[in-house]
Amino acid sequence: MISHAFLQNYWWLIISLLAGLLVFLMFVQGGQSFIFSLPHNDMQRKMLVNALGRKWEFTFTTLVTFGGAFFASFPLFYATSFGGAYWVWMTILFSFIIQAVAYQFRSKPSNVYGTSVFDTFLFINGCLGPFLLGVAVATFFTGSDFSLDLFNRVTWGTGWHGLEALVNPVNLLLGFAVLLLARVLGLMYLYNTIDDRDLGASIDRALVRNAIPFLVFFLAFTACLFLGKGYRADSDTGEVTLVKYLYLHNLISNLFTLILFLSGVVLVLVSLWLGTIRHSVKAIWYGGIGTVAVVMALFFIAGYGETAFYPSSSSPGSSLTLAKASSSQFTLKTMMYVSFIIPFVVAYIWYAWRSLNRKRINTEEMEGEDHTY
Amino acid sequence: MIENIDLSLVNWSRAQFALTAIYHWLFVPLTLGLSFILAFMESIYVRTGDEIWKKMTKFWMTLFGINFAIGVATGLILEFEFGTNWSNYSWFVGDIFGAPLAVEGILAFFMESTFVAVMFFGWNKVGKKFHLASTWLVAIGANLSALWILVANSWMENPVGMVFNADTARNEMNSFRDVVLNPVAIDKFTHTVTSGFVLASVFVTGISAWFLLRHREEILAKKSIFIAGIFGLVSSLAVAITGDRSARTIAQVQPVKFAAMEALYDGKSEAGLTVIGVLTDSDDRIGEKKVHDVKMKIMIPKLLSIMTTGEGSGYVPGLKDLVNGNPEKGILSVREMMERGRYARQVLTDYKMAKEIGDDASVASLGAKFQEQDFINNYFRYFGYSFFDHPWQVIPSVPVTFYSFRIMVALGFFFILLFVLAIFFQRRDKLERHRWFLWISLISVPLAYLASESGWIVTEMGRQPWIIQNLMPVSVAVSNISTGAVQTTFILFAVLFTALLIAEVSIMSRQIKNGPKH
């Protein structure tokens, strides 16, 4: 008999994996944020957009699946966060609507608003998407102002409905770190995918300019995280209290999490070295795998152990733990069987990706291809 | 909190969800059907090697791509709006409702989005067979995606496969099989996807007719009309059959919606089906709801009784029976259901309070009630009714439901005729000679959208005031946010969706005018 606690942990693992993949795939957003600054001419912009445009659906689908999986496995989080932090999530969603159409519409004749408007949509999504998702995830550690009643109905403490997270410096640190990471990964992906010497040189320069502030923001966030207080949930009484070094304790008390975090950080550093010093097209893969590992480790730190993964800063008793927020044992078990298909999904995505990326994008392809963005 | 819910918040939240759903459904049915038409065309190309079929596939694929992106974007919003605008609902039934959404993402959406990239960009990069397989997988993925979201939607119409857990104060799934094989889900899936096939077939027929009217791309147009005609005819017959099944199921599980569809106020035996009619206000009322008379009606005698009970003499309850009760027919009044629901809700509140203060004796005695069949079947099943103030509040908008239903059905039969004629004229090579038919085909394109949206209006407006039939009214499900916030996002979405729709129609029109690349 598989226990309810095991299933809750299993589903947090799946959520963590999806979160890691989502942050990695936000290289699409990171790349979009360069749409006005990196290309020197329309052809370079076309190559940039087409390189990213062949992957935007992966990010989008991962976001949808992330939402669906959270809904199915931890519905109380879904209800609390989405129904409470209304403005943050709505702004994120808004930025994704305009992205979805921008690729298809930007270069089509009679698109009414002109290419530059759709390119601006891509830029807005490229900046806002990763930044706000970073801020939203940071509240897993810093807490939000909400309370739940007897029937688990949420009341948000401020009329800002999530936007108040933007005045917390720690949230901003993670927001900017995720944005800069997406930009770094975006540059690595473009370097990997586009065969253009001039654009390649621009990417090289931009990579250095973004990698350094990324490291600064990431280190500052991890310092705040590990040296600050965390929301500990007592497994016996359910009482939630602020405890110093909780997240550092969660990191080092679980060997797997520690190894995952450290190996992820090392891989990201290797990718930066490969990208900036060696100018290697393989940097994206090291950076991507490292990103998935670090994000998963951060989610493990937030959710596993005696920790509230979605804490309430104003009503600690309302904080969400995996046990409190999860679906029933039956649902989690049923969903676990469904999740066994994930390796198969990853395999066919990998196969399709490789089939399309065998040849790097160049000027000739852009001029000869039937279907370009 | 529930007692103080601002109705304008509920209405604006409904309006926002309806806006998103209506826009979403402008794009999705074309994706569902056109993906299969592309797969048929490309299959013929791979089998015959005839370049005309490749040209056709690529032309319709361009239109598919323009349409696809907005469907995806609006779909994302719908999924998250359950959380942002209906958070109480999300918690109350997330244990059941979330599962199909997650399965949709893992099983179907990834398939669709992965292979759509191969379909668009793989022509010169992958082999013919892999490309064809990708096109088929896009079609299968898109329709699988529809399956899971419709399973979720159907559960809201007919909640099955679950048990109430008093400790968590929510419904929890106890049979995934029952959720997936819910009779409403089977009817709704088959009816909805085949209606998408019909819409896409009308679209292809209409655009092809335009080419013929302009004496352009005649080979492409005739071959397209042939494929769309056959696909459309088979699908529209399936729509009629599944629609009939769906109506019978609604009569069983949502009798109030069924009575509203027929504007049937007084129950009767040997009830006829109203084919056409005009609703006029009468002096009669049920509470504050107006009662409508059906004038100028054409009826098929006894058909409604046959559909509902299987017998021509069968009794079909009207809205008055369903609201005021009819002891003779074993129908409980809504007021009685409200009373029983209030009792069940009070037991739940007492149970939660006893747990809160640690009153173990009360916890044990009250908790035991949730295991008793008498309490579950005679009281807790009416839990949702406890939130109403007046019995008449369970009646949906009769005119909206009545007329939407008739628009949908009439157009459905019209499309059958359209496809029969399309195949007939195409096989005799007489399409160009019947310019009236080409014009009708072209004009039918917006009618297909009207029929499709009308179907959803029947479904969603007809089940009001419930978000989950008999369990949860919309007023209880809404998130606790300010009306102003929802009004703002409603306006933002309305402006954005409309602006994008204008762009889409403009781009689509231009691509059609340009025709296929030579």
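Residues are numbered from 1 along each chain as its sequence is written, and chains are lettered from A in the order in which they are written. In this predicted model local features need pLDDT of at least 70 and side-chain atom pairs count only at pLDDT 80 or more, whereas totals for chains, interfaces and linings use all residues.

**View 1. Thr114(B) in helix α3 of chain B.** Thr114(B) lies in α3, residues 87-121 of chain B, where helices are DSSP runs of H or I with at least four residues, strands are runs of E with at least two, and both are numbered from the N terminus. Thr114(B) counts as buried because 25 other C-beta atoms lie within 10 Å, the cut-off for buried being 20 or more such atoms within 10 Å, with C-beta atoms placed from the backbone. Beyond its neighbours within four places in sequence, Thr114(B) is in contact (C-beta atoms, placed from the backbone, within 7 Å) with Tyr348(A), Ile349(A) and Ala352(A).

**View 2. The contact between chain B and chain A.** Chain B brings 65 residues to this contact and chain A brings 64 residues. On the side of chain B that touches chain A, α3(B) gives the most, with 25 residues.

**View 3. Helix α12 of chain A, residues 283-303.** The 21 residues of α12(A) should span 30 Å at 1.5 Å a residue, and this agrees with its end C-alpha atoms, which are 30 Å apart; the expected span is 1.5 Å times one less than the number of residues. Of the 21 residues in α12(A), 19 are buried, so that the helix is mostly covered. Just after α12(A), Gly305(A) takes a positive phi of about 80 degrees.

Definitions and conventions:
Buried ≥ 20, exposed ≤ 12 C-beta atoms within 10 Å, placed from the backbone. Contact = placed C-beta atoms within 7 Å.
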